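Please look at the sequence and the model before reading on.

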Amino acid sequence: MEFLSSCASSSSSSSPHFAFFNLHHQNSLTSRATVKNWHSQLQLLQWNSSAVGIGRSTSLSTDGRERIWSCNCGPRRALSLPQLRSSHSHMSSGFDLISLNCQYVFKWRRYPVNFRRIRSSMEKFRQRFSVQVARVMVCVMLVVSVSSTFGDTSSWALTEENLLFLEAWRTIDRAYIDKTFNGQSWFRYRENALRNEPMNTREETYTAIKKMLATLDDPFTRFLEPEKFKSLQSGTQGALTGVGLSIGYRTIADGPGGLVVISAAPGGPAERAGISSGDVILAIDDTTTESMGIYDAAERLQGSEGSSVQLTIQSGPSVKHLDLVREKVALNPVKSRICELPGSGNDSSKIGYIKLTSFTQKASGAVKEAIDSLRSNSVNAFVLDLRDNSGGLFPEGVEIAKIWLDKGVIVYICDSRGVRDIYDSDGSNTIAASEPLAVLVNKGTASASEILAGALKDNKRAMLFGEPTYGKGKIQSVFKLSDGSGLAVTVARYETPAHIDIDKVGVIPDGPLPASFPKDGDGFCSCFEDPASVCNINRVQLFSR
C-alpha cells in the first residue's frame, strides 16, 4: 500500500512537509517515510493517531498495493514506533486498509519531492501509459485478424502428409501461369483442403493433390507418382518402353471423342503396325478413350517390355483392332542423309536432309553433328524435317533455333500480364546461318518443334512446307517433390517472333507438300531426285521465296 501525505507542521513553521509511505503486503512489511521541509531540515514526522486522516484512495494496482492520497499529521514533531503500532487499529477498523503487526519492520527513506510535481508527473504517466496500452491492444487485434485471415494451419501440428500437400500447393502457387487459378481463391482452397481432405496415408495425399490440380481445368498440369516421374525423365533422356506413340487431344475439326495420334516413332511397334499421324485411338484394352486424358492414355500405353496392349484404331473410315507388344523404343532424335540432284561436275547439287524426331537432352548436339557431317560432304542446302515431332524439352528447341539463326528473337514467353521473357539468338552458337533452309511440318508437329518452326519462319530464315502444325502454345515445366513424385505445370504460353499465339491454331506453312509425300529420308531423296515422280518437288520451289 502506498500513500502520500501532506502534513502541516507546528505553528512555528508554516512550510508544508511531505511524507511518502510504502507499505508492501509481504511477510515482512516495510514502510519508508521521509519528511522534508522547505528549509531542507530533515525531521522525523510525528504521527498522532487521534489526528490521522486518510483521504480518498484510488484503485488497487497490479502489484496488490493501494494508493491513498492526502494524510494530515499531528502537531508534535516526534513519531515513535509504539505510536505507529497503536495507530494501526484505528487505520484498520476505520478504513479496512491493512493490519499492522508487531513483527513489521519500519525503515525510513528520504523522498525530497514536491507533491504537485509528483501528482502532475503521475497524471502524465497515466495518460501516456493509457496510449501505449491502446497501441498494444490494436497490435494484438491486428495480429489476431491476420492470423485468422491466413488460417489456423499453425494451430495444429502438420503431419508429413500435410507437408507434402503444401509442397505441391506452393509449387502451383509460384509457377502456374494463371494467377487467378481458374477463378478461385488459392489460399482458401489450401485451408479448406487441410481441414477437410483426408491425408492419413500417401495414397490419400496423392488423391488430394490430384483433386487440387483438377480445379485448374488444365489437362497439361498434372501429378506424377514416383514411377511415372522416373518414366517421364527416361523419355526426355532418349529411351522409353511402350509402343512408340505420341498422342494428343482431338480438335473440333477431327470430330468428337477419342485421342489423335500425333506421331509414331520410326521403327517402333505402332509404326510397324501401320499406325500413322492423324489416326484416332478409340480404345485401349477395351477402355474407351472418349473422356480419357492424354496422360492417362500414355500410362496405359507404356508398360513392361514384352507385355501386350490392345488398341482400337480409326484410320479414315475404317476401324481396326491391333495387338501390339511393348518394347524399349530408342528415341534417337536425329537422322540424316545426303540427297544429290542429277547433274554433272559443278552443276550437281547436294542437299543435306535432317530428320529431327524429338527434343531430348542430346537433340541440339546431335543436330550440330549432323550439320558438320553433311558439310564435310559438300552439301550446299539443308532440309529440316519436323513432321510428327511432338516436342520435348523447351530449352533444346531454343538451342536448335540458335544453330540456324544469326540474330533475332526466337520466342516470347508470356503470362496473364503479357510478355515476361524473351529468348533470342546473339550469333554465338550459330553454325548454319547462310545456307538455304527448308522446314517440313504437319499436324504432328507440336510444342517445342512449333517454337523452332515459328522462329525460323518469322525471322525469314526458312521456308515452311506441309500442313498447319498441331497448335500447342503452352509451356510446361516439371518439378520434383520431396518424396520422388513430381508435377508437370503449365508455366507460360508463348508467341512467335511475329507475336502470333499459335495455341489451338498452329504455325501456318508457306506452301503445301505434294500428296503422299514420304516421311523418311530415303523416300524424300527419291522424290527430290526423280523429276518424273508424282511427289517431286524441285530445288527452286523448296528454297525460293
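What pLDDT does the chain average, and what share of the residues score at least 70?

## Confidence

The chain averages a pLDDT (the predictor's confidence in each residue, from 0 to 100) of 76, and 68% of the residues score at least 70. This is a predicted model, where local features need pLDDT of at least 70 and side-chain atom pairs count only at pLDDT 80 or more, while totals for chains, interfaces and linings use all residues. Residues are numbered from 1 along each chain as its sequence is written, and side-chain values use heavy atoms, with hydrogens and water left out.

In the chain, confidence is highest in helix 5 (residues 202–214), at a mean of 97, and lowest in strand 4 (residues 53–54), at 36. Helices (H or I, at least four residues) and strands (E, at least two) are DSSP runs, numbered from the N terminus. The pLDDT is below 50 over residues 1–113, a stretch with 210 contacts in the model beyond near neighbours in sequence; contact means heavy atoms within 4.5 Å. Residues 146–155 also stay under 50, and the model has ten contacts for them beyond four places in sequence.

## Nonpolar core

A nonpolar core is a set of buried Ala, Val, Leu, Ile, Met, Phe, Trp, Tyr and Cys residues joined through side-chain atoms within 4.5 Å. Buried means under 20% relative accessible area (1.4 Å probe, protein chains only). The largest such core has 67 residues, and Leu356, Leu384 and Trp404 have the most contacts inside it. Helix 3 (residues 160–175) gives the most to this core, with seven residues.

## Sheet and helices

Five strands form an open sheet in the order 18-19-20-23-24, with mixed pairing. Two strands pair if DSSP finds at least two bridges between them. Strand 18 (334–341) and strand 24 (463–466) are the edge strands, each pairing on one side only. On average, neighbouring strands of this sheet are turned by 20° against each other, direction ignored. Strand 20 (residues 382–385) and strand 23 (residues 437–441) run parallel and are joined by four bridges. Val383 stands opposite Ala438 in strand 23.

Helix 9 (residues 363–375) lies across strand 18, strand 19 (349–356) and strand 20, at about 25° to strand 18. Helix 11 (residues 448–458) lies across strand 19, strand 20, strand 23 and strand 24, at about 140° to strand 23. Axes are lines fitted to C-alpha atoms, for helices over the stretch in contact, and angles run from 0 to 180 degrees between N-to-C directions.

Technical notes:
Buried means under 20% relative accessible area, exposed over 50%, partly exposed in between (1.4 Å probe, protein chains only).
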